[in-house]
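Hi,

Here is the structure I promised to pass on. Have a look at it first, and then read my notes below.

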Amino acid sequence: MFTVNDLIDIAVRMEKNGEARYLAAKKQVKEKKLQSFLQWMADEEADHCQWFENKKHHWVPETHQTDLETMLPDVIKEMMGDKALSLDDVNFSQVGSARALLEIFVSFENDTILFYECLQTFIQEPDVLAGLEKIVAQEKKHVAEIQKMIQALADEETR
C-alpha cells in the first residue's frame, strides 16, 4: 500500500539526485557559462527538495490510501522501489560532449515534470497545489533553458 508521503519521498529523491548530478557535471565541463548554468540548476533542485521536505506532512490526499495502489501507473509503482527516475544509470564518463550531457538532462527534467503533474492529482490543499504548480513551471523553465544552451552549443559547432 502506498501513501502520498511515499510519492513525496520520490520527489525528494528526484530533486536530490538532480542536484548531485548537476554538481557532478559542473566539475566535468570546462566552459564557465555552462558551469554557472549547472550550478544554477543544482541550486534550483535544492530549493525544490527543501520545499517538498517542508510540505511532506502537511498534504491531505484527495484519495484514500487504499485507492492509490490501483490508481498509480505502473511506472510510478516501479519508482516506489529502488529507483526514483535515477540518473545513476547514466555513465557520465561516456557522455561525449556538453551537448549530449544537456540532452540527458532535458530527458530527466521532462520525466520530473510528468511525475509532478501526476502528483498534483493527489493534492487538494490550494496553497500546496499552487506551490507544486510553481515547481512544475520552474521545471518547464529548466527544460527551456537547457534547450537554449543546447542550441547555443549547436550554433558554436556550425561556426
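How many salt bridges does the structure hold? There are 5, and I'll go through them below; bear in mind that this is a predicted model.

First, the overall picture. Of its 159 residues, 43% count as buried. Among contacts with a separation of 6 or more, 79% are between residues 24 or more positions apart. The accessible surface comes to about 8700 Å², with 49% of that belonging to carbon and sulfur atoms.

Now the salt bridges. Glu53 pairs with Lys16, with the closest N and O atoms 3.3 Å apart. Because Glu53 sits in helix 2 and Lys16 in helix 1, this pair ties together parts that are 37 residues apart in sequence. Both ends are partly exposed: Glu53 at 35% relative accessibility and Lys16 at 43%.

Glu117 and Lys140 form another salt bridge, their closest N and O atoms being 3.4 Å apart. Here helix 5 supplies Glu117 and helix 6 supplies Lys140, so the link spans 23 residues of sequence. Glu117 is partly exposed at 29%, and so is Lys140 at 44%.

Lys148 and Glu145 meet at 3.4 Å, N to O. They are 3 residues apart in helix 6, which means about one helical turn separates them. Lys148 counts as exposed at 53% relative accessibility, while Glu145 is partly exposed at 24%. Finally, Arg99, Glu103 and Glu157 are linked in a network of salt bridges.

On to the inside. The largest nonpolar core has 39 residues, and Phe52, Leu102, Tyr116 and Ile146 touch the most other members. Helix 1 (4-28), helix 2 (32-55), helix 5 (98-120) and helix 6 each give two or more residues to this core. Helix 5 gives the most, with 11.

Leaving out residues up to four places away in sequence, His142 touches Trp40, Met41, Glu44, Glu45, His48 and Glu109.

And the cysteines? A search of the whole structure finds 0 disulfides. Cys49 is buried at 5% relative accessibility, and Cys118 also counts as buried, at 18%.

Cheers

Key:
Residues numbered from 1 in each chain as written. Predicted model: local features only at pLDDT ≥ 70, side-chain atom pairs only at ≥ 80, totals over all residues. Heavy atoms only, no water. Contact = heavy atoms within 4.5 Å. Core = buried A, V, L, I, M, F, W, Y, C linked by side-chain atoms within 4.5 Å. Buried < 20%, exposed > 50% of the residue type's maximum accessible area, 1.4 Å probe, protein only. Helix = DSSP H or I, 4+ residues; strand = E, 2+ residues; numbered from the N terminus. Areas by Shrake-Rupley, 256 points an atom, 1.4 Å probe, with all protein chains shown as cover. Disulfide = S-S within 2.5 Å. Salt bridge = Lys/Arg side-chain N within 4 Å of Asp/Glu carboxyl O.
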